[in-house]
Amino acid sequence: MPQLTFETLKEQVGAGTVDTVLVCLVDMQGRLMGKRFHAYHFIESAWQETHCCNYLLATDLEMATPDGYASTSWQTGYGDYVMKPDLTTLRPIPWLDGTVMVLCDVLDHHTHEDVPHSPRAVLKRQIARLAERGLTAKMATELEFFLFEGSFDAIRKSGYRDLQPISGYNEDYHILQTTKEESVMRPLRNHLFAAGVPVENTKGEAETGQEELNIRYAEAMACADHHTIAKHATKEIAWQQGHSATFLPKWHRDRVGSAAHVHQSLWRGEDSAFYQAGAELGMSDLMRSYCAGLIKYAGESTYFLAPYINSYKRFAPGTFAPTKSIWSVDNRTAGFRLCGAGTKAVRMECRIGGSDLNPYLALAAQLAAGIKGLEDGLALEPPTTGDIYQSVDAPEIPNTLRAAAEALRGSAMLREAMGDNVVDHYVRAATWEQEEFDKVVTDYEIARGFERA
Ligand code: ADP
């Protein structure tokens, strides 16, 4: 059910309570991009479709125009895509006056087919593959981020120096400290809830200034939509309150990083296909094969969980961020943690993803790996116990963007599941990030070598 029907929107526009419609696509970086429509024009015509430059799905955080993308380029003249509003995503945006939002699918201008590398299309394809097997996925992403004193603009003007987290100490589960942050976090919870994003809770996380936002699990596409809107809302509401929120996974070498853990379970209708009463840990054979796929293909999927240079700075022993592709029962040092063992809520949590992941791509890569596990009837090794950071035999997660990009390039599994064109598109996104970084002379190099090299 839509959060806001088109009919109700028309009434609201007629009554003058809504005047603006945000018409948005989700870009490769997981950001909302689009246009602010006058509501009259939206209900009159733009609800059917609007257009955007096709470089929006071939750019980077800086809005550059990298070469090397087959889908678009200066040579092809950077034409248009169709933005097709998905009216089931229509929702109020209560933190902005008189405003509602709709998410769009991105279609080819001529054929009106889904653009295959568009994040929503990438996820749609895996959801369809599950549907062919009579299955749906229920997923949840946990959003971790840091809150800082001062607005984005003030921080940018100061050159990102002397960043001041909103709290002075580790605030994990801390009620006193989080009370001091309610000017941001309370409107965040309440506005999201009113926007149809089923917020469960927020809590202080295990570092100075770090927060976590938990959203109730939902079908995969809704989960990714919720994540995207929640991340966007966090930045906007923090900005409204004179603060800033960052989803950069690692903002300081001595501080713990931010994750986006992914909880997942498969369902047949109303029943969990992961749960089997009486089975060891309550895990069905289907769950075992799915999880074996997640683990086997973790390296090939890592790019979609950690898409930037900075993402890899988070994978450090002793920080609750995993370094090994292995599973465990409720053990936070492993890449995959079994939650809800022996109950109907039995599910697997992937702990590899950073707070910078694009949820559509991350969920799609998880589903693709799991589906391959099902197809091949993979067997699941027994769980590991103890401090898995010390587990020498366990396979390592790629620990640089370069390694993750090469694992993606060579992934027959993802090529089969997503298509060569999609994999090649994101390999180019990864190599571009690496090339750009490789050109930069960092403060670290200057301080280390200026005198002493
Ligand atoms: P923890 O704090 O131990 O990570 P929580 O109980 O807070 O676990 O749950 C984490 C997330 O898992 C929540 O977003 C919740 O909605 C989600 N979740 C609960 N049950 C399932 C399930 N069967 N499948 C997928 N996600 C689930």
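## Cys-104 in strand 5

In this predicted model, Cys-104 lies in strand 5, which covers residues 99-108. Its relative accessible area is 2%, and because buried means under 20%, Cys-104 counts as buried.

Beyond its neighbours within four places in sequence, Cys-104 is in contact with Val-23, Cys-24 and Leu-25, with Met-83, Lys-84, Pro-85 and Asp-86, and with Arg-120. Glu-171 is 67 residues from Cys-104 along the chain, and the C-alpha atoms of the two are separated by 37 Å.

## Helix 3

Arg-120, one of the contacts of Cys-104, is also one of the buried residues of helix 3. An α-helix has 3.6 residues a turn, so residues three or four places apart point the same way.

Does the length of helix 3 agree or disagree with what its 14 residues should span? Helix 3 runs over residues 119-132, and at 1.5 Å a residue it should span 20 Å. The C-alpha atoms at its ends are 21 Å apart, which agrees. After helix 3 comes Gly-134, with a positive phi near 75°.

## Helices 6 and 7

Helix 6 is formed by residues 182-194 and helix 7 by residues 220-240. The two pack at an angle of about 140°, and their axes are 10 Å apart. Angles over 145 degrees would count as roughly antiparallel and those from 65 to 115 as roughly perpendicular; helix 6 and helix 7 are therefore oblique to each other. Their crossing is right-handed.

Which residues of helix 6 and helix 7 meet? Helix 6 contributes Val-184, Pro-187, Leu-188, His-191 and Leu-192. On the side of helix 7 are Ile-229, Ala-230, Ala-233, Thr-234, Ile-237 and Ala-238. The residues of this contact comprise 9 nonpolar and 2 polar, with no charged ones.

## Two residues with positive phi

Met-63 has a phi near 65°, a positive value in a residue other than glycine. Met-63 sits in the loop that joins strand 3 (50-53) and strand 4 (80-92). With a relative accessible area of 28%, Met-63 is partly exposed.

Tyr-173 also has a positive phi, near 60°, and is likewise a residue other than glycine. Its place is in the loop between helix 4 (152-157) and helix 5 (175-179). Is Tyr-173 buried or exposed? At 59% relative accessibility, Tyr-173 counts as exposed.

Glu-416 belongs to helix 12, which covers residues 412-418. The relative accessible area of Glu-416 is 51%, and because exposed means over 50%, this residue counts as exposed. Leaving aside neighbours within four places in sequence, Glu-416 is in contact with Arg-125, Lys-372 and Glu-375. Leu-103 is 313 residues from Glu-416 along the chain, and their C-alpha atoms are separated by 28 Å.

Gln-434 is part of helix 13, made of residues 420-438. At 10% relative accessibility, Gln-434 counts as buried. With neighbours within four places in sequence set aside, Gln-434 is in contact with Ile-309, Leu-401 and Arg-402.

Conventions: Residues numbered from 1 in each chain as written. Predicted model: local features only at pLDDT ≥ 70, side-chain atom pairs only at ≥ 80, totals over all residues. Heavy atoms only, no water. Axes fitted to C-alpha atoms, helices over the stretch in contact; angles between N-to-C directions. Helix = DSSP H or I, 4+ residues; strand = E, 2+ residues; numbered from the N terminus. Parallel < 35°, antiparallel > 145°, perpendicular 65-115°, else oblique. Left-handed = near helix turned anticlockwise from the far one by under 90°. Contact = heavy atoms within 4.5 Å. Nonpolar A, V, L, I, M, F, W, Y, C, P; charged D, E, K, R; others polar. Buried < 20%, exposed > 50% of the residue type's maximum accessible area, 1.4 Å probe, protein only. Expected span 1.5 Å × (residues − 1).
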